[in-house]
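Please have the sequence and the structure at hand while reading.

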Amino acid sequence: MTKKALVLVACLAVVSAALSAVAQAVPESVRILRDSYGVPHIFSNDDLKGAFASGYTMAEDRLFQMEILRRAGKGRLAELIGDGSALGATAAEFDIAIRRELYTEPERADMFAELESTDPASAAQFRAFVDGVNLRITQDLADPIRKLPSEYLALGTLPEPWSVTDSIAFAAVGLSIFGAEGGHEVENACLLSGLTARHGEPQAEGIFDDLYWIDDPDAPATITEGEAVWPNSISRFNAGQMALLHDPSIKSAICKAADAQHAEEAAIDTVGNRLGIGGLFAPGHSNALVVSGSHTSTGHPMLGGGPQVGYSTPSFFWESGLHTPNYDSAGVNVPLGPGNIMGRTSTLSYTVTSGIDDQIDTYVERLNPDNLRQYGTPGNWRDMDCRTETFLVRMNPTSPPDSPGISTEDPARSKPPVRPVVQDLCRTIHGPVFFIDRENLVAFSHRKAHWLQDLKGAVTWLSLGRKTKLTGPDSVEEALDGFPFTFNFNYASTSGDIAYFHRGLTPLRPNNTDPRLPLPGVGYEWRTGLDGKNYIANSAILTTDGKKAATIVNPTQGYFANWNNKPIKGWAGIGELREMWGPRHRMEGISREVDRLIAAGTKVTLNESDTDPTTSAACFANDDYEVGTDPLGCVTSINGIIRKAATSDVHVSTVLPFLAKALEVEGTAPDSPEYRAFLNMKQWSDGGAPLLRNGSDESYRAPGIAIYRAWRQRLQETLLDDVNPYNRNMDFPPFIDGSNEDDHGSYQTPDSVLYHILTHAPELDGAEPATTFAPSRDYCAPVSCAELLVSTLAQTVSALTSRFGLSDQSAWREPVIVSTMSAQGAAPNVTVERMNRGSFNQLHDFGVGSAFRTYNVVPPGQSGMIDLATLVASQAGDDKEAAVNDGNPHVFDQKALYEGWRFKPLIQYEGALVGAREEIVPYVRGVVPQPDTALLQHLWRMLEQAGITLPNFDLFGEVATE
């Protein structure tokens with residue numbers, strides 16, 4: 001520990017002693033066992049005690065992260081972090097969007113009151129969870145030097161009591177981001193308007209269809225049996241919707257709304273990434289592979305899962321085991337309530353991926369010129385439901401707190417503490433108004449199928465860790481019926497069953513409308529079903545032969561894979577998300593490996609050669625392969641298959657056949673630079689297209705990587721330049737900030753657009769089978785597609801020769817791509833090599849009893865707790881990560897496992913917790929923390945006397961310059 005840290009501890013020891021809580025007789029307690037990675041395992045004979053301990057241990061490990069997430073859910077981030085330029089966007093914009101699009105505090109309270117009425121047992125457990133959080137906060141406040149997260153002291157604030165509405169607030173923001181899609185119709189409509197101005201309406205509609213299809217029959221599906229019967233009849237370019245674009249004032253307003261929405265989304269992403277919660281707003285969205293026992297080496301089902309929510313320190317996910325009379329789960333959770341949202345019980349395991357259904361529609365509302373708070377039609381104006389909200393923006397995020405009773409002359413007083421931002425937020429009958437164009441008298445609102453069902457969704461999800469069965473009465477399937485948000489639940493069981501449930505609520509839109517475009521505010525209401533609801537549960541949508549379209553139990557192919565692809569053929573729920581469910585999808589990077597093994601009669605193992613995944617990775621190490629071999633071709637395991645998809649380019653093999661044909665058609669000489677570039681790309685692709693660091697190399701050894709990245713980007717831009725700036729180009733960043741992925745295997749890949757175009761180029765016939773969809777125009781014109789492929793390759797070769805200063809292509813070595821785990825508080829940012837994989841990963845082999853083998857890894861570690869002495873030490877030295885490890889070894893102790901594709905045991909039974917540390921928590925209900933800001937001022941003055949200037953430290957990754 002540094003001298004400054006020692007001075008700090010000595011200086012403040014007296015304060016800690018003075019703050020010791022008054023001892024009380026505690027008649028009851030809860031016993032917690034923490035394993036060697038600091039994961040708490042709770043065993044209790046009382047459900048409420050277990051829920052209480054769940055809240056307590058979460059706050060013990062992650063209180064400051066919980067602070068950030070509850071403020072994100074309530075639109076109160078700017079109060080804590082201000083609007084400093086270091087964020088690159090205003091936190092106030094973030095807060096305004098959240099409060100506008102989500103709920104008021106009374107509405108959150110009403111959700112909980114409904115839960116108390118309909119499910120009093122779950123409501124009681126939520127209250128117990130809250131009491132556990134608050135007991136820990138009280139203990140932290142009683143010993144702030146050793147127990148309170150240092151971020152509070154450095155920011156000059158103290159934690160407020162936790163409430164059930166805090167949990168609901170985060171449930172709303174978390175589920176809305178990962179479990180709801182849609183609401184981008186104005187951006188689509190503005191794109192269509194721009195295309196129309198440039199190309200005329202018939203051509204524009206064709207181009208729009210090429211970019212934004214509704215249902216591509218060639219898209220890979222998780223369920224390969226049957227075809228869904230979609231509940232909404234669809235009419236492309238519905239006349240009533242197109243009339244909006246034919247009205248000059250509305251067309252202008254649509255593009256203004258699109259610009260505003262795009263800017264707001266960018267601001268939200270920027271703030272989220274900067275705070276280490278970019279996973280809430282960045283793409284990713286998770287993968288899963290489940291194989292039945294008929295295809296595995298043990299004869300048991302096997303499951304691998306990797307939810308992708310971005311990278312942060314600490315992880316978005318928090319791990320625990322909770323075992324009570326009615327609950328039996330080990331896995332991960334977020335600040336929702338007691339239990340786990342993914343993991344295992346004694347008989348089954350589950351992992352979740354985002355379902356990507358379009359659940360949100362945009363309505364265009366005409367405004368009364370005499371009263372802009374009214375909408376509708378002349379003679380039938382309706383009042384908006386409006387409220388005035390005040391957002392408090394901290395002027396200086398690193399200044400000490402203001403406090404009643406502190407003299408204005410006190411140098412520790414903020415000057416001024418906050419500035420208010422006042423904003424009117426309105427709703428129509430359709431939902432939140434997100435943009436008003438006063439000049440054109442138009443407003444835009446969002447209607448959501450899952451509105452006010454967030455707590456119901458959270459309770460249902462948390463309940464999946466209860467002692468239940470996979471199918472049958474009182475089963476998981478039954479519990480998930482009517483689940484409001486769009487997710488895929490992937491299951492396997494010790495009974496030998498595997499199952500996939502695509503759940504969510506699909507709006508019953510007006511018949512014969514176009515889901516990609518806005519709806520007029522009058523005359524286009526959602527339809528009402530026989531049950532009186534204007535939506536239908538996905539579980540109720542049927543196939544042509546009357547089976548549940550969104551459900552498969554024990555598929556005949558013996559496995560299923562999902563990486564946010566289409567659930568089943570005929571499923572048209574993607575609506576407005578262009579390029580998402582097309583003929584080329586990243587899921588194929590998983591499914592083609594399983595198909596290869598099944599065709600060869602090779603049994604799938606959990607890890608390579610059935611080795612222990614805690615000590616051995618998949619079948620190769622980064623430093624023992626050479627360019628020209630396939631280091632990934634050896635995979636025969638769940639871990640290896642997911643690793644190959646995560647550490648390679650999953651699309652290059654589908655693009656190069658067209659280039660090979662083009663070089664032949666164009667007569668390109670085999671000794672030309674262009675042909676050598678093709679051969680370098682092909683050698684890399686034939687070797688599995690690995691994106692892997694060799695040993696300690698700073699650059700990839702395969703020149704094909706640099707060539708492909710540069711050529712693919714240039715090809716995309718050139719091929720579709722006629723529809724730019726509307727087309728999304730490739731995303732190949734050298735540094736992936738807080739996200740899991742890039743376009744080597746992305747959530748919204750542009751590869752499907754390219755594939756449609758090239759399979760229908762006549763001179764490239766035979767390179768790959770033609771897709772069902774034929775493009776509306778020749779995008780390669782005025783040249784042939786073959787000529788375009790070769791000419792862009794020639795331009796790429798020239799550009800790379802200049803970039804590397806050498807014509808020797810073997811020297812064209814792309815720097816290794818890295819991803820950052822963004823700091824969500826006092827821990828430093830850390831980087832890992834690029835891997836398009838889960839933010840945490842789990843592996844399961846479903847034998848019975850002790851043969852049920854389970855493993856997981858939750859990087860970078862279990863804890864986010866950094867006390868004040870550790871913070872000071874980390875800032876005083878050059879190696880911040882090492883200093884944090886010295887203070888708390890569980891902040892980064894899973895990072896090395898994750899980087900090496902290794903795992904730790906996922907512990908279900910108390911008998912497996914050998915050498916666990918015991919923690920006894922008093923079971924004291926109803927404690928309300930009492931933050932004392934005067935005490936905080938006193939601590940700040942003592943820090944000044946100790947020569948410690950924490951106010952100059954920006955907790956979110958930068959040292960302040962002022």
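Is cysteine 386 buried, partly exposed or exposed? Cysteine 386 counts as partly exposed because its relative accessibility is 27%, where buried means under 20% relative accessible area, exposed over 50% and partly exposed in between, computed with a 1.4 Å probe on protein chains only.

## Basis of the model

The model is predicted, so that local features need pLDDT of at least 70 and side-chain atom pairs count only at pLDDT 80 or more, while totals for chains, interfaces and linings use all residues. Residues are numbered from 1 along each chain as its sequence is written, and side-chain values use heavy atoms, with hydrogens and water left out.

Strand E12 covers residues 358-368 and is mostly covered, with 10 of its 11 residues buried; helices (H or I, at least four residues) and strands (E, at least two) are DSSP runs numbered from the N terminus. Two strands pair if DSSP finds at least two bridges between them. Seven bridges join E12 to strand E18 (residues 442-448) in an antiparallel arrangement, in which arginine 366 stands opposite valine 442. Strand E13 (residues 371-377) is also antiparallel to E12, through two bridges; leucine 367 stands opposite tyrosine 375 there, and E12 and E13 form a hairpin with two residues between them.

The parallel partners include strand E3 (residues 181-182), joined to E12 by two bridges, with glutamate 181 having aspartate 358 as its bridge partner. Strand E22 (residues 519-520) likewise runs parallel to E12 with two bridges, and valine 364 stands opposite proline 520.

## Disulfides

The structure holds three disulfides, a disulfide being a pair of cysteine sulfur atoms within 2.5 Å. In the link of cysteine 386 and cysteine 426 the sulfur atoms are 2.1 Å apart. Because cysteine 386 lies in strand E15 (residues 385-394) and cysteine 426 in strand E16 (residues 418-427), this pair ties together parts that are 40 residues apart in sequence. The torsion about their S-S bond is about 110°, so the disulfide is right-handed, and cysteine 426, at 6% relative accessibility, counts as buried.

Cysteine 190 and cysteine 255 form a disulfide with sulfur atoms 2.2 Å apart, and this pair links distant parts of the chain, 65 residues apart, namely helix H9 (residues 185-199) and helix H12 (residues 248-274). Both cysteine 190 and cysteine 255 are buried. In the disulfide of cysteine 780 and cysteine 785 the sulfur atoms are 1.9 Å apart, and cysteine 780 and cysteine 785 are both buried.
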